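This report is intended for a reader meeting the structure for the first time. Please view the sequence and the structure below before reading on.

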Amino acid sequence: MRKSKPQKRVILPDPVFNQVEVSKFVNHLMHDGKKTIAYDIFYSSLEVVKNKLPNEENTPLEIWKKALENITPLIEVKSRRIGGATFQVPTEIRPDRKESISMKNLIGYARKRGGRSMAEKLAAEIVDAYNSQGGAFKRKEDIHRMAEANRAFAHFRF
């Protein structure tokens, strides 16, 4: 490559929990630059999670982190063209990409849920991911299943 790698932007921690991961999640959740609304949605969804799981010893933030951990894929398939044929080659995922994929999946499947407010849909998806079920968890399982099915092409890794 001729150019050097672009520098990573510094993301400031969020105002309530002082966590960079929360800020990254809110940035993925945000639409049209409306960050305040995205923060409101996130914090109110954590309140709903707290109400849904009253006898849980973990805080809502810990529940959210565990939910993200449950839906984080470890391996994915990438298309690789070799000799006129396209193979789905399983490859490991970089840590920052793992985090990004899990956040995008959680938000995407929360948006697809029916009715109610976005905060309630996000809270329902967080609770499902915490309990290892729901759309985002199923997506992770599908990614892993596809990588397992194409394990024979692992030697084409680049």
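## Ser45 and its contacts

In this predicted model, Ser45 touches Ala119, Leu122, Ala123 and Ile126, leaving aside residues up to four places away in sequence. Ser45 itself belongs to helix 2.

Ser45 counts as buried because its relative accessible area is 0%, and the cut-off for buried is under 20%. A polar atom of the Ser45 side chain lies 2.6 Å from the backbone oxygen of Phe42.

## Helix 5

Helix 5 covers residues 118–130. From its first C-alpha to its last, the helix reaches 18 Å, close to the 18 Å expected for its 13 residues at 1.5 Å a residue. Just after helix 5, Ser132 adopts a positive phi of about 55°.

## The protein overall

The protein contains six helices and two strands, arranged from the N terminus as α-α-α-β-β-α-α-α. Its C-alpha trace spans about 55 × 40 × 30 Å along the principal axes. Among contacts between residues at least 6 apart in sequence, 60% join residues at least 24 apart.

Buried residues account for 36% of the 158 residues. The protein exposes about 10100 Å², of which carbon and sulfur atoms supply 51%. There are 30 positive and 19 negative side chains, and the centres of these two sets are 10 Å apart.

Terms used
Residues numbered from 1 in each chain as written. Predicted model: local features only at pLDDT ≥ 70, side-chain atom pairs only at ≥ 80, totals over all residues. Heavy atoms only, no water. Helix = DSSP H or I, 4+ residues; strand = E, 2+ residues; numbered from the N terminus. Expected span 1.5 Å × (residues − 1). Buried < 20%, exposed > 50% of the residue type's maximum accessible area, 1.4 Å probe, protein only. Polar contact = N/O pair within 3.5 Å; in protein donor to acceptor, adjacent residues only side chain to side chain. Contact = heavy atoms within 4.5 Å. Areas by Shrake-Rupley, 256 points an atom, 1.4 Å probe, with all protein chains shown as cover. Lys, Arg positive; Asp, Glu negative; His and termini not counted. Charge placed at Lys NZ, Arg CZ, Asp CG, Glu CD.
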